[in-house]
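Colleague: I've never looked at this one before. Could you walk me through how you decide what to call things in it?

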Amino acid sequence: MSKRLHSIFLLRLFNDCFAVGFLFVAIYSYQRRIWTVGSVAYSFGVGTKMSLLLAGPAIGIVLLQALPLRRALNAAFLMAQVQITIAWPFIPVNPIGYISRAFEFSRQFLYKWTVNWRFVDEETFLSREFAITLVTANLGFLALFITTRWLRPSRRSFPECLSMLWKAVPLLLQQQISLRVTPSFVMTSILGSMTVGLLCARTLHYQFYSYIAWSTPFLLWKSGLHPLVIYAVWAAQEWAWNVYPSTDTSSMVVVGCLLFQVLGVWWGTRNDDVDASFPIEKENRHHEHVE
C-alpha cells in the first residue's frame with residue numbers, strides 16, 4: 001500500500017478522504033444513471049472540500065447531454081439546495097464569514113508547503129502573473145477537452161450544445177444522445193476534468209494525492225500506451241509524492257506525471273465513438289420528416 005495514502009487516510013484522516021469518497025459515489029451513480037443520488041453525493045463532496053469543483057465542468061456537460069434540459073436543471077438546483085442545507089446552521093449567524101471562508105478564492109498559498117511547484121522560485125510562485133498563467137492553462141485544457149472529446153455524445157459543436165440550455169431537443173434525439181453517455185465516458189470525463197484542474201492548481205499539498213492516486217491507473221489505461229510505460233509513470237508519481245519535503249526534482253516529476261496523464265487520456269480517446277450509429281445531421285433530418 002502507498003505510504004502517502006496510508007498517511008492521508010489513516011494517520012491524518014484529512015477531509016479530502018471523505019471528499020474523494022463522495023466523488024466516486026457520484027461517478028458510480030452517474031454510471032448507473034442514478035442521477036439524483038449522484039448529484040447529491042457530488043454536492044456533499046463539494047461541501048466537504050471545495051477541490052471537487054474541479055470536476056464541475058465535466059459533470060455539467062455529462063448531465064446536459066444525458067438528461068433532458070429540465071431534468072439537468074433540476075439536478076443543478078438539487079446541488080444548490082444541498083449546499084444551502086449544509087450552510088444553513090451558519091448563514092443566519094455570520095453569512096459573509098461563512099461564504100468567504102467556505103469558498104476562499106483569494107487565499108494566499110505558502111511556498112514552503114507546495115508539492116508541485118517547488119522547482120519554481122518563490123517570487124514567481126507568489127506572483128499574480130503565475131496565477132493568471134495557470135488559470136489560462138486550465139481554461140485552455142478544458143476548452144480542448146470540451147470541443148474535441150466531451151461533446152461527442154451530442155455530435156454538436158460547443159455553441160450548438162449551449163443552445164440546448166434554452167432550446168429543447170426532440171425526445172427521440174435526446175434519448176439517442178443519452179445512450180452515448182456511457183459509463184466509460186462518465187468516468188473519463190470527470191476524472192479528466194479533476195486531473196486538468198490539479199495539473200493547473202496554484203499549489204498542491206500532500207493530501208491532494210488522495211484524488212490523484214485513485215485516478216491515475218484508469219487514466220493511464222485509457223491512454224492506450226504500453227503497460228511498461230504506464231507502470232513507469234505510476235512508479236515515478238508514487239516516488240515523487242513520497243518525497244518529504246518536496247524538492248525541485250520531485251515537484252517536476254509530480255507536474256510531469258499529471259501532464260502525461262492529461263495528454264495521454266486526450267490522445268487515447270481520439271477514436272472513441274467513431275463507430276457510433278449515424279451523424280447528427282441525419283438524425284435532424286429524420287425528426288424533421290417525422291414532424
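Predicted model: local features only at pLDDT ≥ 70, side-chain atom pairs only at ≥ 80, totals over all residues.

Colleague: Why are α8 and α11 called roughly antiparallel?

Modeller: Angles over 145 degrees count as roughly antiparallel. The crossing angle here is roughly 165°, so α8 is roughly antiparallel to α11. The crossing is also right-handed.

Colleague: Which residues make the contact between α8 and α11?

Modeller: On the α8 side you'll find Asn138, Phe141, Leu142, Phe145, Arg149 and Trp150. From α11 come Phe185, Ser189, Gly192, Ser193, Val196, Gly197 and Leu199. By class, that contact has seven nonpolar residues, five polar and one charged.

Colleague: Which residues of α8 meet α14?

Modeller: Phe141, Leu144, Phe145, Thr148 and Arg149 do, against Leu259, Val262, Leu263, Val265, Trp266 and Trp267 in α14. The classes there are nine nonpolar, one polar and one charged.

Colleague: Which residues touch the most other members of the largest nonpolar core?

Modeller: That core has 72 residues, and Tyr30, Tyr42, Ile190 and Trp241 are the ones with the most partners in it. Its largest share, nine residues, comes from α11. Take Ile190: setting aside neighbours within four places in sequence, its contacts are Leu23, Ile27, Tyr30, Ala55, Ala58 and Ile59.

Colleague: Why does Leu13 count as partly exposed?

Modeller: Buried means under 20% and exposed means over 50%. Leu13 has 49% relative accessibility, so it counts as partly exposed. You'll find Leu13 in the loop between α1 (3-12) and α2 (15-31).

Colleague: What is phi at Leu13, and what is it at Arg155?

Modeller: Leu13 has a phi near 50°, a positive value in a residue other than glycine. Arg155, in the loop between α8 and α9 (158-162), also has a positive phi, near 60°. Most residues other than glycine have a negative phi.

Colleague: Where does a cis peptide bond turn up?

Modeller: Between Tyr244 and Pro245, with omega about -10°. Pro245 sits in the loop between α13 (227-241) and α14 (248-268). Most peptide bonds are trans.

Terms used:
Residues numbered from 1 in each chain as written. Heavy atoms only, no water. Axes fitted to C-alpha atoms, helices over the stretch in contact; angles between N-to-C directions. Helix = DSSP H or I, 4+ residues; strand = E, 2+ residues; numbered from the N terminus. Parallel < 35°, antiparallel > 145°, perpendicular 65-115°, else oblique. Left-handed = near helix turned anticlockwise from the far one by under 90°. Contact = heavy atoms within 4.5 Å. Nonpolar A, V, L, I, M, F, W, Y, C, P; charged D, E, K, R; others polar. Core = buried A, V, L, I, M, F, W, Y, C linked by side-chain atoms within 4.5 Å. Buried < 20%, exposed > 50% of the residue type's maximum accessible area, 1.4 Å probe, protein only.
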